[in-house]
Number of protein chains: 2
Amino acid sequence: MDAERDYCPVHEAIQVLQEKWTMHIVRALLDGPLGFNELGRAVGGCNPATLKVRLDHLEDLGLLQRTVHSQMPPRTSYELAPAGVDLQRVIDAIDAWAREHLDIVAIAEVDEESSAAVG
Amino acid sequence: MDAERDYCPVHEAIQVLQEKWTMHIVRALLDGPLGFNELGRAVGGCNPATLKVRLDHLEDLGLLQRTVHSQMPPRTSYELAPAGVDLQRVIDAIDAWAREHLDIVAIAEVDEESSAAVG
């Protein structure tokens, strides 16, 4: 990588958002705070270790907040920080695109299932 | 995976867009057609084998068109199909978000460089 390259915000944002599961996590949390297991179910197919790594990274970046509720047993919940809530506009843009191009996203789903069957 | 799950266009679109380099490729091609090597330079850091896999997948989905120009030596160029051009709205949304949250994307860049240094 060229450290001298011009700084480009959209390039860096894509670097964050293209991490596998990140956009699924953001989308799930846009509906409100979730516990770890609830979030795992909402995201679907992401193993718990990877989910934890992604959540820690998003917390480090200031995109989400983790709250430990002092009750027995203790409960942890995850919630988008304001910068994470602002990603609503990105998810909305993907949603609008997807609805307009249902044929393409349907093909993608078939591909995914074929890959799963092979793998 | 649960094949019985409700079909959700935005979920499937995220499955496509979260493939590493895909959004970088789309963004580079929004400025116009590029040859394979030009595209590799524009995307930055993606190895040629992975770039080829991503381009083939995007072509299969109907998001881009590949043209082989009959000249000596033959030249191949890649160009977004109309459905790919429509992803402009997604890239614009990411761009707007990134400019508003420069602090976060700057942190992400530092993380990336640290990881590169360690790896």
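**Contacts, core and sheets**

Modeller: Leaving aside residues up to four places away in sequence, B:Ile94 touches A:Val10, A:Ala13, A:Ile14, A:Leu17 and A:Val90.

Colleague: How do you know that B:Ile94 touches those residues?

Modeller: Two residues are in contact if their C-beta atoms, placed from the backbone, lie within 7 Å. A:Val10, A:Ala13, A:Ile14, A:Leu17 and A:Val90 are therefore counted as touching B:Ile94. This is a predicted model, where local features need pLDDT of at least 70 and side-chain atom pairs count only at pLDDT 80 or more, while totals for chains, interfaces and linings use all residues. Residues are numbered from 1 along each chain as its sequence is written, with chains lettered from A and ligands numbered from 1 in the order in which they are written.

Colleague: How many residues of chain A are in contact with chain B?

Modeller: There are 41 residues of chain A in contact with 41 residues of chain B. On the chain A side, helix H1 (9-17), helix H2 (22-29), helix H6 (88-100) and helix H7 (102-118) each supply at least two residues. H6(A) gives the most, with 11 residues.

Colleague: What makes up that side of chain A by class?

Modeller: It has 25 nonpolar, six polar and 10 charged residues. Here Ala, Val, Leu, Ile, Met, Phe, Trp, Tyr, Cys and Pro count as nonpolar, Asp, Glu, Lys and Arg as charged, and the others, Gly among them, as polar.

Colleague: Which residues touch the most other members of the largest nonpolar core?

Modeller: A:Ile94 and B:Ile94 do, in a core of 54 residues. A nonpolar core is a set of buried Ala, Val, Leu, Ile, Met, Phe, Trp, Tyr and Cys residues joined through C-beta atoms within 7 Å. Domain 1 (1-85) and domain 2 (87-119) of chain B each give at least three residues to this core; the domain bounds come from an automatic or database domain assignment.

Colleague: Why is B:Val68 called exposed?

Modeller: A residue is buried if 20 or more other C-beta atoms lie within 10 Å of its own, exposed if 12 or fewer, and partly exposed in between, with C-beta atoms placed from the backbone. B:Val68 has 9 other C-beta atoms within 10 Å, so B:Val68 is exposed. B:Val68 lies in strand S2 of chain B and touches B:Pro74 and B:Thr76, not counting residues up to four places away in sequence.

Colleague: How much of chain A is buried?

Modeller: Buried residues make up 30% of the 119 residues in chain A.

Colleague: How many helices and strands does chain A have, and what counts as one?

Modeller: Chain A has seven helices and three strands. Helices (H or I, at least four residues) and strands (E, at least two) are DSSP runs, numbered from the N terminus. In that direction the elements of chain A run α-α-β-α-α-β-β-α-α-α.

Colleague: What makes S1(B) and strand S3 (residues 75-80) of chain B a pair?

Modeller: Two strands pair if DSSP finds at least two bridges between them. Two bridges join S1(B) to S3(B), so these strands pair, and they run antiparallel. Across from B:Leu34, the bridge partner in S3(B) is B:Tyr78.

Colleague: How many bridges pair S2(B) with S3(B)?

Modeller: Six bridges, in the antiparallel sense. B:Leu64 stands opposite B:Leu80 in S3(B), and the two strands form a hairpin with five residues between them.
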